[in-house]
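Hi everyone, thanks for having me. Let me put the structure up on the screen so that we can walk through it together.

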Amino acid sequence: MKSGIFILSLFFLLALGCTKDNNGGGPSISIKSYTSSVHNDGNDFNAVLSYSQKGGNLSGDSLVIIRRRFNQSYVSNPRDTFSTRLPITPSTDNAEFSASLAWQDIEYGINGENDTCDFRFVLIDQNMNHSDTAATGTVIIYQY
């Protein structure tokens, strides 16, 4: 009888150890809205992102923005990755925040050609957990 209870207890502990624990999971982000056309008029590219993480906290996390160009013209030494640390914020499981890039930081202006690209966002928390990748649709950066 004692060995049966012992074996049953072991199976219970094994099943408990195999259950999925979301407390250590990484953050999740999605795009709520973004600027689809950027002009040299002082209105920069802006994206509003939704964040969620159980027991999460955005304070000090890193946001990485990756630009993927669709233009055929060659660019030497392109700057296509932008990183930033997020400011100190209250702890919350869900939040919205915005990310902006200035026109002069994202335009190439080769032969007056408008730049066509998309932007991808990855959030990395302080435990080095990566979020899923959120991507915009096509963004046009005008050269006038």
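This is a predicted model: local features need pLDDT of at least 70, side-chain atom pairs count only at pLDDT 80 or more; totals for chains, interfaces and linings use all residues.

The mean pLDDT of the protein is 82, and 83% of its residues reach 70 or more.

Now find the open sheet of three strands. Which order do the strands take? Reading across, you go β1-β3-β6, and the pairing is antiparallel. β1 (28-34) and β6 (94-101) each have a single partner strand, so these two stand at the edges, and one side of each has no neighbour in the sheet. From one strand to the next, the twist averages 30°.

Let's zoom in on one pair. Strand β3, residues 45-52, runs antiparallel to β6, and eight bridges link the two. If you'd like one example to look for, asparagine 46 has serine 100 in β6 as its bridge partner.

Next, the core. How many residues does the largest nonpolar core have? There are 23, and those with the most contacts inside it are Phe45, Leu63, Ile65, Ile106, Phe119 and Phe121. Two or more residues each come from β3, β4 (62-69), β6, α2 (103-106), β7 and β9 (139-141). So who does leucine 63 touch? Setting aside neighbours within four places in sequence, leucine 63 is in contact with a list of residues including Leu49, Phe82, Leu86, Phe97, Ala99 and Phe121.

Last stop: glutamine 126, in the loop between β7 (115-124) and β8 (134-135). Is glutamine 126 buried or exposed? With a relative accessible area of 54%, it counts as exposed, because the cut-off for that word is over 50%. Take glycine 60, which is 66 residues from glutamine 126 in sequence, yet their C-alpha atoms are 6.9 Å apart in space. As for serine 59, its backbone oxygen lies 2.5 Å from a polar atom of the glutamine 126 side chain.

That's my tour, and I'm happy to take questions.

Conventions. Residues are numbered from 1 along each chain as its sequence is written. Side-chain values use heavy atoms; hydrogens and water are left out. Two strands pair if DSSP finds at least two bridges between them. Helices (H or I, at least four residues) and strands (E, at least two) are DSSP runs, numbered from the N terminus. Axes are lines fitted to C-alpha atoms, for helices over the stretch in contact, and angles run from 0 to 180 degrees between N-to-C directions. Buried means under 20% relative accessible area, exposed over 50%, partly exposed in between (1.4 Å probe, protein chains only). A polar contact is a pair of N or O atoms within 3.5 Å; within protein, one must be able to donate a hydrogen and the other to accept it, and residues adjacent in sequence count only if both atoms are side-chain atoms. A nonpolar core is a set of buried Ala, Val, Leu, Ile, Met, Phe, Trp, Tyr and Cys residues joined through side-chain atoms within 4.5 Å. Contact means heavy atoms within 4.5 Å. pLDDT is the predictor's confidence in each residue, from 0 to 100.
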